[in-house]
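The following questions and answers concern one protein model. Please keep the sequence and the structure in view while reading.

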Amino acid sequence: MSEKIIMLRGNGDFTVEQFLDIMEGKNEKRLMLSLGLTTGPGCNMDCIYCYNESGRTEAGRPVRHRMKFADYEKAILESSSLGAQSVILVGVGETMMDKNFRKLIELISTEGMIPLIFTNGTLLTRETANFLYKHGTSIYLALDSTRENVFDKITGSKGMLPVVLQGVDNCLEAGFGKTTVRNGHSVTDFAVNTMLMKSNMNYLDEIEDFCQEKGLLFTCRFPEKIGAACSYWESHIAATVEEENLMRNIAEKHSAGGEVFRTDSGCLFWMAGVLLGIDGQVRLCYSVNNRKDMGNIKQDSMRTIIRRKRELYPPQKDYFCPLHLEISANP
Ligand code: SF4
């Protein structure tokens, strides 16, 4: 394991032995390393690349039959007993706007797991930052520009940038942002991500400087063509395939931490975890819809789900994601 790469705590920072146990699937107490939960719906921003159209859809489909708190609770408790070390909250919208957000963080933390949240950073008051720090949360914060006009254009909001920047400072004051060691990896509990597109690509160094100054891990990704991004793709994201490839390379070059969900051994949720959509249905990917039914936490146990998932997509180290392969072979 590299000591130089800093990872976001709770995302892929596991030992080789733990991964091997999961791949073998024989240790009943270690059948998964991470749980992904989708919260929401709803958002206070309207980003032009939003996969979920600001909380109106999930990966291009209408949001229906969302999980109740009891379903989330079942998923968390069963995952904990099957060896999960972290629970990653992604949102159909802003994770912190979910009415059960604090209850989820408390439960995850009580179970001894790491809550890892995606957030747009607009709700990180001093009190909330302290609450999250106290519960051992890792934060993955979206920051698409430090220039107000660019930020407003990308996020479809007004006057939010100073709120987000204050939120970052509140977190640093609470104690976030230090580098520690977990399972032999250097890890941090706070990272900033920028989605690369035409309007911010010339100012990437400003965000990097901001992160460096604050001592924060910086990651950069190129958006996927799903949700709101479809309507803006050519005009705001990339006009041609060549431009797409160029921007993908730029994002990769600038990203210090790689992708969240990417591990040394492939996609976190295929290899070593379970991701649940907002309706409780098992997903293999948060941005691409499944082709096969792997179950739903509302009626299936986590153990049954893992068994079914392993039958359909056996873990192996040869490639990153079987779903993307399946789709490109049969569009
Ligand atoms: S990308 Fe995130 S912050 Fe932006 S609209 Fe979508 S859910 Fe909200």
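**Backbone, sheet and core**

Q: Is Asn-183 buried, partly exposed or exposed?
A: In this predicted model, Asn-183 has 16 other C-beta atoms within 10 Å. A buried residue needs 20 or more, and an exposed one has 12 or fewer. Asn-183 therefore counts as partly exposed.

Q: Where is Asn-183 placed, and what is its phi?
A: Asn-183 lies in the loop between strand S8 (179–182) and strand S9 (185–188). Although Asn-183 is not a glycine, its phi is positive, at about 50°.

Q: Ser-54 has a positive phi as well; is Ser-54 buried or exposed?
A: Ser-54, a residue other than glycine, has phi near 60°. Its place is in the loop between S2 and strand S3 (57–58). Because Ser-54 has 21 C-beta neighbours inside 10 Å, it counts as buried.

Q: Which are the edge strands of the open sheet of eight strands?
A: The sheet has mixed pairing and the order S11-S10-S7-S6-S5-S2-S14-S15. An edge strand pairs on one side only. The edge strands are strand S11 (217–221) and strand S15 (282–283).

Q: Which residue in S6 is the bridge partner of Ile-88?
A: S5 and strand S6 (residues 114–119) run parallel and are joined by four bridges. In S6, the partner of Ile-88 is Leu-116.

Q: How many residues of strand S5 are buried?
A: Strand S5 covers residues 86–93. The strand is largely enclosed by the rest of the structure, because the buried residues number eight of the eight.

Q: Which residues have the most contacts inside the largest nonpolar core?
A: In soluble globular proteins, nonpolar side chains tend to be buried together. The largest nonpolar core here has 93 residues. Those with the most contacts inside it are Met-32, Tyr-49, Val-87 and Val-274.

Q: Which residues are in contact with Val-274, leaving aside its neighbours within four places in sequence?
A: Val-274 is one of the residues with the most contacts inside the largest nonpolar core. With those neighbours left aside, its contacts are Met-32, Leu-35, Gly-36, Phe-269, Val-282, Met-302, Ile-305, Ile-306 and Lys-309.

Q: What is the radius of gyration of the protein, which has 331 residues?
A: Along its principal axes, the C-alpha trace spans about 50 × 45 × 40 Å. A compact globule with 331 residues would have a radius of gyration near 20 Å. The value for the protein agrees with this, at 19 Å.

Q: Which residues come nearest to the ligand?
A: The shell around the ligand divides into five nonpolar, six polar and two charged residues. Of the 13 residues around the ligand, those that come nearest are Cys-43, Met-45, Cys-47, Cys-50 and Asn-120.

Technical notes: Residues are numbered from 1 along each chain as its sequence is written. This is a predicted model: local features need pLDDT of at least 70, side-chain atom pairs count only at pLDDT 80 or more; totals for chains, interfaces and linings use all residues. A residue is near a molecule or strand if its C-beta atom, placed from the backbone, lies within 6 Å of it. Ala, Val, Leu, Ile, Met, Phe, Trp, Tyr, Cys and Pro count as nonpolar, Asp, Glu, Lys and Arg as charged, and the others, Gly among them, as polar. The radius of gyration is taken over C-alpha atoms; the globule rule is 2.2 Å times the number of residues to the power 0.38. Two strands pair if DSSP finds at least two bridges between them. Helices (H or I, at least four residues) and strands (E, at least two) are DSSP runs, numbered from the N terminus. A nonpolar core is a set of buried Ala, Val, Leu, Ile, Met, Phe, Trp, Tyr and Cys residues joined through C-beta atoms within 7 Å. Two residues are in contact if their C-beta atoms, placed from the backbone, lie within 7 Å.
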